[in-house]
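This report walks through the side-chain contacts of one protein model. Please keep the sequence and structure in view while reading.

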Amino acid sequence: MLLIGMYHKISDPSDPKRLLAFKQHLIELKRRFSIVTPADRLPKHQVSVCLTFDDAYYDFYHYVYPLLQALDLKAVLAIPTAYITEHTQIPAEERLAVPYPNALSDYSTVKNSIPFCTWSEIREMVDSQRVYPASHSHNHLNLCEKNTNIREELDISKQLLEEKLNMAIDTFVYPYGKMNRMVHKTVQKTYRFGLRIGGAINLGWSTQNGLLYRVNADPFWIDGKKISSGFLVKSVFNHALNRLRGK
């Protein structure tokens, strides 16, 4: 079985203990589970965990990527391509200081502070084979809203990612976790996998329509919640319920 954890920005200048808590969380995950990306086969008879980080905040490059290297781990990075610049000389402190999720709602902040990873940083991480890139659309829009040009959001993102990273992109992470059947049918035409919020475990990478569920992973490192057998049983139940409800 496959548990896909959803993360966003890890650091918080007002709480320096968060980084240590997150490191301990990764150590515990590695001790108990096989950590995988969509490029990996799942080992039989055990639960695997896929780490997914939304939005490509600079703190992923500054804090999370070094931990992946130190602990011999891998993760998926969901990249909203409209927010990514080629490079920057802005100091790390200024880039890290932009609070979550303000950067996604203010393009002037993006231009002036570059709070997201740059293409050069993303290429470095992808080349290390520690980071598996995924599309997070182009403008990070809710694809279920009527005025959203879904085809444009999917195609521009995929084209930019493949040109900048020189590799095929097969995974799409829904912005805000929002999707419906019509939207997912469109995603299926371009991407092998579509990752949404669902609070459920997955039976594996292979699904009938490429739809995979994610769980909010923040309680497991911020609040110290454990991935217990009870939690896993509930996640299996949620998977069955989601499928029955057509979600």
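The model is predicted. A search of the whole structure finds 14 aromatic pairs. One of them joins Tyr-7 and Phe-53, which are stacked, with 4.8 Å centre to centre and 15 degrees between the planes. This pair links distant parts of the chain: Tyr-7 belongs to strand S1 (residues 2–7) and Phe-53 to strand S3, 46 residues apart. Both Tyr-7 and Phe-53 are buried.

Phe-22 and Trp-221 also form an aromatic pair, this one edge-to-face, at 5.2 Å centre to centre and 75 degrees between the planes. Here the link runs from helix H1 (residues 17–32), which holds Phe-22, to helix H8 (residues 218–221), which holds Trp-221. The two residues are 199 residues apart. Phe-22 is buried, and Trp-221 is buried too. The two pairs come together in one aromatic cluster, made of Tyr-7, Phe-22, Phe-53, Phe-60 and Trp-221.

Arg-95 lies over the face of Tyr-58, 3.7 Å from the ring centre. Over the ring of Tyr-191 sits the charged end of Lys-158, 5.2 Å from its centre.

**Salt bridges**

The count comes to nine salt bridges. Three of them are listed here.

| Arg-214 | Asp-54 | 2.8 Å |

Start with the salt bridge between Arg-214 and Asp-54. The pair links distant parts of the chain, with Arg-214 in strand S8 and Asp-54 in strand S3 (residues 48–54), 160 residues apart. Are its two ends buried or exposed? Arg-214 is buried, at a relative accessible area of 1%. Asp-54 is buried as well, at 5%.

Arg-130 lies in the loop between helix H5 (119–127) and strand S5 (131–135), and Asp-72 in the loop between helix H2 (58–71) and strand S4 (75–79), so the pair ties together parts 58 residues apart in sequence. Arg-130 is partly exposed, with a relative accessible area of 21%. Asp-72 is partly exposed too, at 48%.

Arg-123 is partly exposed at 24% relative accessible area, and Glu-86 is partly exposed at 30%. A network of salt bridges links Glu-86, Arg-123 and Lys-164.

**Cysteines**

A disulfide is a covalent bond between the sulfur atoms of two cysteines. How many disulfides does the count come to? The count is zero. The cut-off is 2.5 Å. Cys-50 is buried, at 1% relative accessibility. Cys-144 is partly exposed, at 31%.

**The surface**

Finally, the outside. Met-1, Leu-203 and Val-236 make a nonpolar surface patch of about 260 Å². Leu-203 lies in the loop between strand S7 (193–197) and strand S8 (211–216). Leu-203 is exposed, because its relative accessible area is 60% and the cut-off for exposed is over 50%.

Methods: Residues numbered from 1 in each chain as written. Predicted model: local features only at pLDDT ≥ 70, side-chain atom pairs only at ≥ 80, totals over all residues. Heavy atoms only, no water. Patch = residues over 30% accessible without salt bridge, like charges linked within 9 Å, V, L, I, M, F, W, Y side chains within 5 Å. Areas by Shrake-Rupley, 256 points an atom, 1.4 Å probe, with all protein chains shown as cover. Salt bridge = Lys/Arg side-chain N within 4 Å of Asp/Glu carboxyl O. Helix = DSSP H or I, 4+ residues; strand = E, 2+ residues; numbered from the N terminus. Buried < 20%, exposed > 50% of the residue type's maximum accessible area, 1.4 Å probe, protein only. Phe/Tyr/Trp six-rings, centres within 6.5 Å; stacked < 30°, edge-to-face > 60°. Lys NZ or Arg CZ within 6 Å of the ring centre and 35° of its normal.
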